[in-house]
Amino acid sequence: MTPRVGQPAPPFQARSDDGQILDLTALRGRWVVLYFYPKASTPGCSIEAQRFEQALPEFGRSGAAVVGVSTDTEASQAKFRDQCQLSFPLLPDGDKAICQAYGVLGGLNGLLGVAARQTFLIDPQGILVHHWKSVNPASHAGEVLRVLHEKQQS
């Protein structure tokens, strides 16, 4: 079941592709862009990741962390990081626990067991404030920045 805007973000702790432990609760006090993507190193996922990387300085100035999640292995995520020259954490969700907590298992109504391309914006108190269910990989990072700035002003 997908959590709703206005609810607390489901907590998780996971090892990123570079071996670091990322705990969502440790990011309290910061905005978090938690984006899910289906398959590392595919064209759409590469474009989306590179757009987030290009916008990373602006996210940083806005006090936001960007975290990518897919059901790929740690090795696939590390290769993806190198290919796209990414500097934000990528979480391999092989057991699909994070994807299930956020209700984003996709691919033939979840039968393929990959993450659907969706994004959640989490405020500094750990509350979901926006959910993108439909994403254009080429323009998504800019859209997330726009909404982040709007939420910060309200």
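First, the ground rules. This is a predicted model: local features need pLDDT of at least 70, side-chain atom pairs count only at pLDDT 80 or more, and totals for chains, interfaces and linings use all residues. Residues are numbered from 1 along each chain as its sequence is written, and side-chain values use heavy atoms, with hydrogens and water left out. Helices (H or I, at least four residues) and strands (E, at least two) are DSSP runs, numbered from the N terminus.

Start with the sheet. Five strands make an open sheet, in the order β5-β4-β3-β8-β9. The pairing is mixed. Two strands pair if DSSP finds at least two bridges between them. At the edges sit β5 and β9 (128-132), each pairing on one side only. Neighbouring strands are turned by 20 degrees against each other on average, direction ignored. For such angles, axes are lines fitted to C-alpha atoms, for helices over the stretch in contact, and angles run from 0 to 180 degrees between N-to-C directions.

Helix α4 (residues 140-153) packs on this sheet. It touches β3, β4, β8 (118-122) and β9. Its direction makes about 155 degrees with that of β9. Contact here means heavy atoms within 4.5 Å.

Now β4. Strand β3 (residues 31-36) runs parallel to β4, and six bridges join them. V33 has V66 as its bridge partner. L34 has V67. The chain goes from β3 through α1 to β4, a right-handed β-α-β crossover. Right-handed means that, with the strands pointing away from the viewer, the path from the first strand over the helix to the second runs clockwise. On to β5: three bridges join β4 to β5, again parallel. There, V69 stands opposite L91.

How many residues of β4 are buried? Seven of its seven. Buried means under 20% relative accessible area, exposed over 50%, partly exposed in between (1.4 Å probe, protein chains only). Both faces are covered. A64, V66, G68 and S70 lie on one side, with A65, V67 and V69 on the other.

S62 counts as buried because its relative accessibility is 12%. Leaving out residues up to four places away in sequence, S62 touches W31, L148, H149 and Q152.

Next, two helices together. The axes of α1 and α4 come within 8 Å and cross at roughly 35 degrees. From α1, the contact uses E48, R51, F52, A55, E58 and F59. From α4, it uses H140, A141, V144, L145, L148 and H149.

Last, helix α2 (residues 74-84). Which residues of α2 are buried? Q77, F80, R81 and C84. They cover an arc of only 100 degrees around the axis, so they sit on the same side of α2. That arc is taken from the directions from the helix axis to the C-beta atoms. What covers them includes α1 (43-61), β4 (64-70) and β5 (90-92). The face turned away from this buried side carries the exposed residues A75, K79 and D82. After α2 comes Q85, with a positive phi near 55 degrees.
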